[in-house]
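Please look through the sequence and the model shown here before reading on. The report that follows takes up some helices, their packing and a few side chains.

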Amino acid sequence: MYAQMVKSTGNAVKSREDMTPEERRFQDRIDAGEKIEPRDWMPDGYRQTLIRQIGQHAHSEIVGQLPEANWITRAPTLERKAILLAKVQDEAGHGLYLYCAAETLGVSRDQLLDWLHQGRMKYSSIFNYPTLTWADIGAIGWLVDGAAIMNQVPLQRSSYGPYSRAMIRICKEESFHQRQGYSIMMKMANGSEAQRRMAQDALNRFWYPSLMMFGPSDRNSVHSAQSMAWKIKISSNDELRQKFVDQTAPQAEFLGLRIPDDALRLNESTGHYEFSEPDWNEFHEVLRGNGPCNHERLGTRVRDWEDNAWVREGLMANAAKRAMRTAAE
C-alpha cells in the first residue's frame, strides 16, 4: 500500500452510545454505503485520517517516479524508453489527481508538499530501495505496481467520493504498469543466463519490500480498525498481503523464477500460500529515514522543487496578468 502507516484518531472505535447525534448520522451513511462528499458534515478524525492517507498516497506517486526516471535514458531499446517515459508521466498524473482529492478536505497542495519536504509526511517505504539494473524496473512494475493494484482496487469503494473516483482511473493505468513490468521480467527470464540471473536478483531484492507495502500485520496495526469502520480502508493489511502472495507465486513459477522464501508453499486445504513475514524491524527503520535511499530520494525532491521555483513563479505571474486583462475588458 502507498499509505502504510496512517494514523487515525488514535482512539478505539466508538460505540453508538458514545457517538454524538451527528456522528451517528454520519456512521449510518457510511454503513449504508453512501459516498461522503466535500461539503458534507464529517468528524474531524475522518477528515484528518483522509488527509494523511491521500497525502501519503500522492507523495508516493511522485517520489515513485525517481527510481524509474533514472532508467529512461538507459532502457535497452527506443520502445522501452518510450514506454517507461509514459509510465513515469502517468505517476505524475496520479499524484496530481490525489493532491486534488486532498485539497477538497481543506488542505493546500503546497502545504502537503511542505510536509513531505520537511519529513513530516511519509511516502511508501518501497521507493527507498535502489534500482540497480534494468531488471529492477521489471520487478517494480510486476511486484510494486501489482501490490499497489491489490490495495487500490478496493479503494474504488472508499467512502470518500473524490478519493474513490480518483482511484478508478489510477487503477486502470496501474494495470498497464503491472503488465509492462511482467513483460520485462518474462523477456529476461527467457533470455540469456546473465539476464535470468539479473531477473532472479531483482526478485530477491524486491520481494520482501513489496510485502511491506501493505503495512504491518493486523495485530500490530493500531489504526486500521477506525479506518475500516469509516470505510476509508476496505480490506485489512493481512488480507491484501495474502491475496498478493496467492496471485504472485504462480506468476513467478510460470517465469521459472524462485521467490526467496523457503517457507513458501501452497496449503491445499486452505487454497492459500503460506509464506514468511517480512523483517518488520527493517520496515520501521526505512520509515524512520534509515533506508538505503531515503536521503537521496527526499534530497532529490527538495532540490528539484527549489531549482524549479522560477517555473511556478512564472506561471503564477502569467495567470495574474491574464486575470487582470479579463477584468479590464
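## Helices and numbering

Helices (H or I, at least four residues) are DSSP runs, numbered from the N terminus. This is a predicted model, in which local features need pLDDT of at least 70 and side-chain atom pairs count only at pLDDT 80 or more, while totals for chains, interfaces and linings use all residues. Residues are numbered from 1 along each chain as its sequence is written, and side-chain values use heavy atoms, with hydrogens and water left out.

## Aromatic side chains

Rings of Phe, Tyr and Trp (for Trp, the six-membered ring) are paired if their centres lie within 6.5 Å, and planes under 30 degrees apart count as stacked, over 60 as edge-to-face and the rest as tilted. By this rule there are eight aromatic pairs. An α-helix has 3.6 residues a turn, so residues three or four places apart point the same way.

Both Trp280 and Phe283 are buried, where buried means under 20% relative accessible area, exposed over 50% and partly exposed in between, with a 1.4 Å probe and protein chains only. Elsewhere, Phe26, Trp41, Tyr46 and Trp230 form one aromatic cluster.

## Helix H4 and its neighbours

The axes of helix H4 (residues 78-103) and helix H7 (residues 161-189) come within 10 Å and cross at roughly 160 degrees; axes are lines fitted to C-alpha atoms, for helices over the stretch in contact, and angles run from 0 to 180 degrees between N-to-C directions. H4 and H7 are therefore roughly antiparallel, since angles under 35 degrees count as roughly parallel, over 145 as roughly antiparallel, 65 to 115 as roughly perpendicular and the rest as oblique. The residues of the contact of H4 with H7 comprise 11 nonpolar, four polar and eight charged.

H4 also packs against helix H6 (residues 134-155), at an angle of about 45 degrees and with the axes 13 Å apart, which makes H4 oblique to H6.

H2 is mostly covered, with 16 of its 20 residues buried.

Lys231 lies in the loop between helix H9 (224-229) and helix H10 (237-255). Its phi is near 60 degrees, a positive value in a residue other than glycine, and Lys231 counts as partly exposed because its relative accessibility is 30%.

Technical notes:
Helix = DSSP H or I, 4+ residues; strand = E, 2+ residues; numbered from the N terminus. Nonpolar A, V, L, I, M, F, W, Y, C, P; charged D, E, K, R; others polar.
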